[in-house]
Amino acid sequence: PPRGASTLGLAILAVESNDAAAKAMVYEQGVFIKTTGYPVFWFDGRENGYTLMIFLANRLLGFTEFDASAAALLDLILSNQQPSGQWWGTAGDGGPVVTTNYMNGILAEALILYDRVIGDPRIQPAIKKWADWAWATQWVPAAQGFQYADRVVPDWTDTTPYPNLNGLFLPAWGY
């Protein structure tokens with residue numbers, strides 16, 4: 001899955017050290033993701049976020065052939081934002097609908113990167129809408145942390161707050 005690609009680290013290595021092998025690896029990751037069509041449907045904001053980061057890292061390295069894929073994925077992401085501001089996912093294809101908050105944080109970071117690299121006026125309002133929803137409904141003051149998920153899904157996730165995941169929300173708050 002895209003979350004295991006370490007694309008941004010490779011892109012930084014390519015830029016800072018002029019590492020041709022790292023640049024080639026980022027490009028091959030883009031080709032692989034584009035060729036396999038991953039993700040082909042909406043189910044996991046984290047994977048969609050990391051996929052978007054792969055396309056954007058390629059753009060930063062000068063490979064523009066992934067721009068259309070990035071734009072299509074941006075449209076998919078934005079179209080799946082709920083009226084409340086959250087992004088839902090499922091526990092696998094066809095599983096129960098749930099918002100896993102840290103995944104929304106990763107997704108927001110990818111949207112910020114898109115806005116910085118390519119730009120789209122829909123991104124900042126979408127991030128603000130999500131951040132407002134998360135703060136109003138998912139923050140647990142006594143624990144100083146956000147709930148892991150917006151609801152309990154037996155044998156998969158629950159609403160326990162995990163302060164150690166708060167850092168995944170920081171890019172959105174700062175943005």
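In this predicted model, Trp 135 has its place in helix H6, which spans residues 123–137. With a relative accessibility of 48%, Trp 135 counts as partly exposed. Together with Leu 170 and Trp 173, Trp 135 makes a nonpolar surface patch of about 340 Å².

The protein chain holds seven helices and four strands, and from the N terminus on its elements follow the order α-α-α-α-β-β-α-α-β-β-α. The radius of gyration is 16 Å, close to the 16 Å that the globule rule gives for 175 residues, so the protein chain is as compact as a globular protein of that length. Along the principal axes, the C-alpha atoms fill a box of roughly 50 × 35 × 30 Å. When contacts between residues at least 6 apart in sequence are considered, 62% of them join residues at least 24 apart.

The interior comes next. Of the 175 residues in the protein chain, 47% are buried. The largest nonpolar core has 42 residues, and those with the most contacts inside it are Leu 52, Ile 77, Leu 111, Tyr 114 and Trp 130. Two or more residues are given to this core by each of H1, helix H2 (20–36), helix H3 (45–60), helix H4 (67–79), helix H5 (101–117) and H6. The most comes from H5, which gives 10 residues.

Side chains of opposite charge can pair when their charged atoms come close. In the whole structure, a search finds six salt bridges. In one of them, the side chains of Glu 47 and Arg 3 meet with an N to O distance of 2.0 Å. This pair links distant parts of the chain, with Glu 47 in helix H3 and Arg 3 in the segment before H1, 44 residues apart. Glu 47 counts as buried because its relative accessibility is 1%, under the 20% limit. Arg 3, by contrast, is partly exposed, with a relative accessible area of 42%.

Arg 46 lies in helix H3 and, at 14% relative accessibility, counts as buried. Neighbours within four places in sequence aside, Arg 46 is in contact with Arg 3, Tyr 102, Met 103 and Ile 106. The segment before helix H1 (7–17) holds Ser 6 as well, and Ser 6 counts as exposed at 51% relative accessibility.

Another salt bridge joins Arg 122 and Asp 75, whose closest N and O atoms are 2.8 Å apart. Arg 122 lies in the loop between H5 and H6 and Asp 75 in helix H4, so this pair ties together parts that are 47 residues apart in sequence. Arg 122 is partly exposed at 39% relative accessibility, and Asp 75 is partly exposed with a relative accessible area of 39%. A further salt bridge brings together the side chains of Arg 151 and Asp 150, at 2.7 Å from N to O. Arg 151 counts as partly exposed at 34% relative accessibility, whereas Asp 150 counts as buried at 18%. Salt bridges that share partners also join Asp 75, Asp 120 and Arg 122 into one network.

Key
Residues are numbered from 1 along each chain as its sequence is written. This is a predicted model: local features need pLDDT of at least 70, side-chain atom pairs count only at pLDDT 80 or more; totals for chains, interfaces and linings use all residues. Side-chain values use heavy atoms; hydrogens and water are left out. Patches are made of residues with over 30% relative accessible area and no salt bridge: like charges are joined within 9 Å, nonpolar side chains (Val, Leu, Ile, Met, Phe, Trp, Tyr) within 5 Å. Accessible areas come from the Shrake-Rupley method with a 1.4 Å probe; for residues, only the protein chains shown count as cover. A salt bridge is a side-chain nitrogen of Lys or Arg within 4 Å of a carboxyl oxygen of Asp or Glu. Buried means under 20% relative accessible area, exposed over 50%, partly exposed in between (1.4 Å probe, protein chains only). A nonpolar core is a set of buried Ala, Val, Leu, Ile, Met, Phe, Trp, Tyr and Cys residues joined through side-chain atoms within 4.5 Å. The radius of gyration is taken over C-alpha atoms; the globule rule is 2.2 Å times the number of residues to the power 0.38. Contact means heavy atoms within 4.5 Å.
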